[in-house]
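Please keep the sequence and the structure in view while reading.

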Amino acid sequence: MTLEELGAVLRAEREKRGLSIEDAASHLKIGARLLRALEAGDSASLPHLAYTKGFIRSYSAYVGLSAEEISA
């Protein structure tokens with residue numbers, strides 16, 4: 001799964017739950033700008049890969065995706 005595909009899945013799950021980017025940012029303590037970049041698959045706007053992986057894990061758990069679903 002590419003970053004763009006993962007971002008689309010995360011966005012779809014967030015929207016399915018009726019959550020805004022601001023809701024997710026507030027809950028996760030991650031800037032809305034970074035979450036938008038993650039959902040867009042914009043790797044140039046994201047921090048170092050180690051941080052980005054942590055953001056992906058946190059965001060995935062927040063929207064109810066399991067580690068197996070995102071590890072692909």
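**Overall fold**

The model is predicted, and every value given here is computed from it. The secondary structure of the protein consists of five helices and zero strands, and from the N terminus on the elements run α-α-α-α-α. The radius of gyration is 11 Å, close to the 11 Å that the globule rule gives for 72 residues, so the protein is as compact as a globular protein of that length. Along the principal axes, the C-alpha atoms fill a box of roughly 30 × 25 × 15 Å. Of the 72 residues, 35% count as buried, and the accessible surface comes to about 4,300 Å², of which 54% belongs to carbon and sulfur atoms. Among contacts between residues at least 6 apart in sequence, 58% join residues at least 24 apart.

Helix α4 covers residues 49–62, and its 14 residues reach 20 Å from the first C-alpha to the last, close to the 20 Å expected at 1.5 Å a residue. Within this helix, T52, F55, I56, Y59 and S60 are buried. What covers the buried residues of α4 includes α1 (3–16), α2 (21–28), α3 (32–40) and α5 (67–71). After α4 comes G64, whose phi is positive, near 90°.

**Helix α2 and the residue after it**

In α2 the buried residues are I21, A24, A25 and L28. They cover an arc of only 100° around the axis, which puts them on the same side of α2. The buried residues of α2 pack against α1, α3 and α4. This helix is followed by K29, which has its place in the loop between α2 and α3. The phi of K29 is near 60°, a positive value in a residue other than glycine. Most residues other than glycine have a negative phi. K29 counts as exposed because its relative accessibility is 72%, and the cut-off for that class is over 50%.

**The nonpolar core**

The largest nonpolar core has 18 residues, and those that touch the most other members are L10, L28, I30, L35, L38 and Y59. The elements that give two or more residues to this core are α1, α2, α3 and α4. One of the residues named above, I30, touches A25, L35 and F55 when residues up to four places away in sequence are not counted.

Which residues does E39 contact beyond its neighbours within four places in sequence? E39 lies in helix α3, and leaving those neighbours aside it is in contact with E4, G7, A8, L10, R11, R14, I21 and Y59. E39 counts as buried because its relative accessibility is 5%, where the cut-off for burial is under 20%. The C-alpha atoms of E39 and S71, which are 32 residues apart along the chain, are separated by 16 Å.

T52 is found in helix α4, and it likewise counts as buried, at 6% relative accessibility. Not counting residues up to four places away in sequence, T52 touches L38, L46 and P47. T52 and L34 are 18 residues apart in sequence and 9.2 Å apart in space, C-alpha to C-alpha.

| Residue | Relative accessibility | Class |
|---|---|---|
| E39 | 5% | buried |
| T52 | 6% | buried |
| K29 | 72% | exposed |

Conventions:
Residues are numbered from 1 along each chain as its sequence is written. This is a predicted model: local features need pLDDT of at least 70, side-chain atom pairs count only at pLDDT 80 or more; totals for chains, interfaces and linings use all residues. Side-chain values use heavy atoms; hydrogens and water are left out. Helices (H or I, at least four residues) and strands (E, at least two) are DSSP runs, numbered from the N terminus. The expected span of a helix is 1.5 Å times one less than its number of residues. Buried means under 20% relative accessible area, exposed over 50%, partly exposed in between (1.4 Å probe, protein chains only). Contact means heavy atoms within 4.5 Å. A nonpolar core is a set of buried Ala, Val, Leu, Ile, Met, Phe, Trp, Tyr and Cys residues joined through side-chain atoms within 4.5 Å. The radius of gyration is taken over C-alpha atoms; the globule rule is 2.2 Å times the number of residues to the power 0.38. Accessible areas come from the Shrake-Rupley method with a 1.4 Å probe; for residues, only the protein chains shown count as cover. The arc is that of the directions from the helix axis to the C-beta atoms.
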